[in-house]
Amino acid sequence: MTFVLAIDQGTTSTRAILFDEEMRVAHIAQEEFQQIYPQSGWVEHDVEEIWATVKSVCGQCVAKSDDIAAIGITNQRETTVVWNRETGEALHNAIVWQDRRTSEFCEELRAEGFEEVIGHRTGLLADPYFSGTKVRYILETVEGARELAEAGKLAFGTIDSFLIWRLTGGKRHVTDATNAARTMLYDIRKGRWSTTICERFGIPMSMLPEVLDCAADFGTTDLFGPELPILGVAGDQQAATIGQACFEPGMLKSTYGTGCFALLNTGAELVTSENRLLGTIAYRLDGQPTYALEGSIFIAGAVVQWLRDGLRIIAKAADTHPLAEKADPSVELYLVPAFTGLGAPYWDAEARGAIFGLTRNAGPAEFARAALESVGFQTRDLLDAMRADWTGAEDGILRVDGGMSASDWAMQFLADIIGAPVDRPKVLETTALGAAWLAGMRAGVYPDQDGFARTWALDHQFTPQMDEATRDRRYAGWQDAIRRTRG
Ligand SMILES: Nc1ncnc2c1ncn2[C@@H]1O[C@H](COP(=O)(O)OP(=O)(O)O)[C@@H](O)[C@H]1O
Ligand SMILES: O=P(O)(O)OC[C@H](O)CO
């Protein structure tokens, strides 16, 4: 039996998933790693710990099979690693996508009108979320970094790029177009690194990886015994878009992991958002980019983790649903989980979380319900912005995946508050599946795009049950809570 190995290097854990010839999950290995919070709004990962988890989970999967046709990699996006090409050592912990430490520099960029330059080329906004300002921070703050960079001795990469470097024994410094699209340094119209932006940020172009299609030859690894080719790479949200087979313009998916990321396929057209959404590359195959409009929310499943680890009102994530069901319907709490600022469509790096509507009857059950509802409300914000930006977005079905989509309660509220059907597929490992399909298709063991799209299968459709007046009243309550949070 031939398998494809997908590596899903996410924000809170690393997984390796073995898919069989029929693209069914044959084995999963997963390891969590430490989240490092040096200051309010700062988030880091130890790259050696990430690397150790990757080696461990891959080793466990490889041991389960003697015939692996290819490896596909998908990863938390934007998270930034700068390493020394000679020693292979990282100069700094990875600075995670959620990290807001470069917000002052982003303000400077906005004040000088540079956000327009960024927007036109990269589809992004001047926000600390993306890699570019994080690279600059490392060059400015780590002693000797700038000299090394100017001497061509440093490499920058998102996690995929760093892993490929290590997997290939330092032979390949590459990335794919979807990861490049999240750096704020890559011109997604022209398909090349932007000299204008690199110059403004003081980033020598010698640090940047070569950018390949999502299905391409990324090198080989012999770390696990047999020589295995790496043939597919995509950032995790793009991999989920692929895994959900959102290949037609107008198709929309939303992934509920730590954060929530909605991507709407806009085809060959790069839509310029008037509502502070992002333009990005959904995937690039055979040199042809397919674009997407993206809404990124920083806190989705993480609000459930906060109920568990911060408030300690649940023991495990799945307890949220039964607890929320017990909530007093007369208590309407609004929880704005701006733990690390607000993402789309607000992009307010300084905002911090708030809760409104507390009465003496408000307790754990009402907090749990408000937490799940906050994810639905935030998605509604994104979909409204998408509908306003692009007519192709109207009345679409939303395909969902990610850890939190397991919550029926959260998904039903989502359908209620967006007023549209929510489809949950049978395979919830869509991110890993997307990466596996890219690699397996390139290796010739998986079907082409149309054949793959036909394999998508529905688990459950959630249809809106809430009456329109309630929907409007609840959403107005949320918008009011957002206004108050932002002062
Ligand atoms: N049954 C559930 N109800 C609510 N949230 C859940 C449930 N199961 C998992 N989650 C949330 O989903 C997230 C994990 O999803 P996952 O897709 O693995 O995330 P990531 O890739 O960001 O690490 C966690 O934040 C967790 O709190
Ligand atoms: O690791 P996840 O699933 O939380 O995804 C993180 C995103 O890629 C950040 O842009």
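Trainee: Leaving aside neighbours within four places in sequence, which residues is S374 in contact with?

Mentor: They are V303, L335, V336 and P337, where contact means C-beta atoms, placed from the backbone, within 7 Å. This is a predicted model, where local features need pLDDT of at least 70, side-chain atom pairs count only at pLDDT 80 or more, and totals for chains, interfaces and linings use all residues. Residues are numbered from 1 along each chain as its sequence is written, while chains are lettered from A and ligands numbered from 1 in the order in which they are written.

Trainee: Why is S374 called buried?

Mentor: A buried residue has 20 or more other C-beta atoms within 10 Å of its own (12 or fewer is exposed, in between is partly exposed; C-beta atoms are placed from the backbone). S374 has 26, so S374 is buried.

Trainee: How do you know that T11 counts as buried?

Mentor: By that cut-off of 20 or more, T11 qualifies because it has 22 C-beta neighbours inside 10 Å.

Trainee: What makes the "binding site" residues gather at one spot?

Mentor: The UniProt annotation, from an unreviewed entry, covers T11, T12, S13, T258, G301, Q305 and G403; such annotations may be inferred rather than shown by experiment. They span 393 residues in sequence, yet no two of their C-alpha atoms are more than 13.5 Å apart, so they gather at one spot.

Trainee: Which of its contacts does G301 make beyond four places in sequence?

Mentor: G301 is in contact with Y256, G257, T258, G403 and M404. G301 is also buried, because 25 other C-beta atoms lie within 10 Å.

Conventions:
Two residues are in contact if their C-beta atoms, placed from the backbone, lie within 7 Å.
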